Amino acid sequence: MRLTLKLAFLVGAPLVTAVTVIPPDSFSSYSTFETYWNYLYPWGSDHNGSARMVGNSSVHSNIAVGSSTLSLIATPTSNASPPTSTADPHPTIKYRSGAIHAKEHITVTAANSYTVYGEFSAPTAKGTWPAFWLTAVAGWPPEVDIGEWKGTADNWYNTFNTSSIVKSTLVDWPTDLSFHSLQAVLTAESNNEDVRIDFYMDGAFKVTQYGDGFVGKAMYLIINLQMEGSSGSPGPTGTTTYKARNVQVTRTGS
């Protein structure tokens, strides 16, 4: 430590520190989970697919933690009330499923970068639409999809600058439900306006994308299992499970 401080002083550089925002054991128990995560989407139970998210501190049929693993479980349902999603494009609700979002927002600044990491067992069957993503707290965009699976053996890395200006990169994803790691490193560019996003899978660098004007904009971190929508239909007739473990968020700054 003394050497580090001395070097920083000699070169006039600020001391860089790393802060764990979400530790890798946040799924070790419900009490630990509820320290770092909220149930459902930040805006509620519905989004742009045919699954309605269900869960709270006493209802764990669709959002479960155990053995340091999060399980989001989609099950077919009928006679949902209301019968259609409250979000565009208002599809018919056919499933109960799970979503969670981090309590602390991710805001990249000139002084702070973030590393977002997790290991996932993701379904790839038609009609399954799991995701691990960042989206704007106020307005939209920004959006950064670190993991998005749309009914094929591919993971999509996406950065939305607008609804029509989108950078997407597909990488092969195994269909055997084995766990694989995903990571995004978000760092402010020298113009202090744009964010560089470096994406990795299983420790190997895959691609760099850029978020125009993302600096200073707070984002939610969401893990969810949506159904149908962009992943096609009809979806599965049985139970679908999406698992996550060792999810960790680290903030690095001066």
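Guide: We can start with the whole chain and then turn to one residue. Keep in mind that this is a predicted model.

Visitor: Fine. How many helices and strands does the chain have?
Guide: The secondary structure amounts to 2 helices and 17 strands.

Visitor: What is the radius of gyration of the chain?
Guide: The chain has 19 Å, which agrees with a compact globule, because 254 residues packed that way would have a radius of gyration near 18 Å. Along the principal axes, the C-alpha atoms fill a box of roughly 70 × 40 × 35 Å.

Visitor: And what share of the residues is buried?
Guide: Buried residues account for 48% of the 254. The chain exposes about 11,300 Å², and 52% of that comes from carbon and sulfur atoms.

Visitor: What about charges, how far apart are the mean positions of the positive and negative ones?
Guide: They are 4 Å apart, counting 15 positive and 19 negative charges.

Visitor: Now a single residue. Where is Asn224 found?
Guide: Asn224 sits in strand E16, which covers residues 219-227.

Visitor: Buried or exposed?
Guide: Asn224 counts as buried, because its relative accessibility is 3% and the cut-off for buried is under 20%.

Visitor: Which side chains does its side chain make polar contacts with?
Guide: The side chain of Asn224 has a polar contact with that of Trp133 at 2.7 Å, and another with that of Tyr41 at 3.4 Å.

Visitor: What else does Asn224 touch?
Guide: Leaving out residues up to four places away in sequence, Asn224 also touches others, including Leu72, Gly98, Ala99, Trp129 and Tyr242.

Conventions. Residues are numbered from 1 along each chain as its sequence is written. This is a predicted model: local features need pLDDT of at least 70, side-chain atom pairs count only at pLDDT 80 or more; totals for chains, interfaces and linings use all residues. Side-chain values use heavy atoms; hydrogens and water are left out. Helices (H or I, at least four residues) and strands (E, at least two) are DSSP runs, numbered from the N terminus. Buried means under 20% relative accessible area, exposed over 50%, partly exposed in between (1.4 Å probe, protein chains only). A polar contact is a pair of N or O atoms within 3.5 Å; within protein, one must be able to donate a hydrogen and the other to accept it, and residues adjacent in sequence count only if both atoms are side-chain atoms. Contact means heavy atoms within 4.5 Å. The radius of gyration is taken over C-alpha atoms; the globule rule is 2.2 Å times the number of residues to the power 0.38. Accessible areas come from the Shrake-Rupley method with a 1.4 Å probe; for residues, only the protein chains shown count as cover. Lys and Arg count as positive and Asp and Glu as negative; His and the chain ends are not counted. The place of a charge is taken as NZ of Lys, CZ of Arg, CG of Asp or CD of Glu.
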